[in-house]
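Take a look at the model below. A short walk through its parts follows.

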Amino acid sequence: MKNSFNDLTYTELVTKREELQQTYLKMRIDKVMGHLENPLGLRTIRRQLTRLNTMIHEYALGIREQNK
């Protein structure tokens with residue numbers, strides 16, 4: 001899962017980030033309510049969001065180029 005974002009285009013990265021943000025929000029709410037089954041899932045999603053934000057920022061800086 002760590003390197004699976006490398007093949008995505010810029011628009012796919014933005015879409016995936018929005019999906020993960022929604023999932024992270026739902027998991028945080030579940031944690032507060034006491035219904036979260038896997039608390040370590042919060043850490044993995046947070047790290048995935050960070051990876052996505054880094055890749056999106058690299059596109060903005062021109063480090064990565066859009067191939068498609």
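Is Tyr-10 buried, partly exposed or exposed? Tyr-10 is partly exposed, with a relative accessible area of 30%. Buried here means under 20% relative accessible area, exposed means over 50%, and partly exposed lies in between, with a 1.4 Å probe and protein chains only. This is a predicted model, in which local features need pLDDT of at least 70 and side-chain atom pairs count only at pLDDT 80 or more, while totals for chains, interfaces and linings use all residues. Residues are numbered from 1 along each chain as its sequence is written, and side-chain values use heavy atoms, with hydrogens and water left out.

Start with the overall layout. The protein chain has 2 helices and 0 strands. Helices (H or I, at least four residues) and strands (E, at least two) are DSSP runs, numbered from the N terminus. The C-alpha trace spans about 45 × 20 × 15 Å along its principal axes. The chain's radius of gyration is 14 Å, whereas a compact globule of 68 residues would have one near 11 Å. That radius is taken over C-alpha atoms, and the globule rule is 2.2 Å times the number of residues to the power 0.38. Buried residues make up 24% of the 68 residues.

Now follow helix H1. H1 has 24 residues and reaches 35 Å from its first C-alpha to its last, close to the 34 Å expected at 1.5 Å a residue. The expected span is 1.5 Å times one less than the number of residues. Leu-13, Val-14, Leu-20, Tyr-24 and Met-27 are buried in H1. The buried residues of H1 pack against helix H2 (40-61). Just after H1, Gly-34 takes a positive phi of about 90 degrees.

Return to the tyrosine. The structure holds 1 aromatic pair. Tyr-10 and Tyr-59 form this edge-to-face pair, 5.5 Å centre to centre with 75 degrees between the planes. Rings of Phe, Tyr and Trp (its six-membered ring) pair if their centres lie within 6.5 Å; planes under 30 degrees apart count as stacked, over 60 as edge-to-face and the rest as tilted. Tyr-10 lies in helix H1 and Tyr-59 in helix H2, so the pair ties together parts 49 residues apart in sequence. Tyr-59 is buried, at 16% relative accessible area.

The structure holds 2 salt bridges, each a side-chain nitrogen of Lys or Arg within 4 Å of a carboxyl oxygen of Asp or Glu. Lys-26 bridges to Asp-30, with the closest N and O atoms 3.0 Å apart. Both lie in H1 (residues 10-33), 4 residues apart, about one turn of the helix. Arg-64 forms a salt bridge with Glu-58, the closest N and O atoms being 2.5 Å apart.

Note on methods:
Contact means heavy atoms within 4.5 Å.
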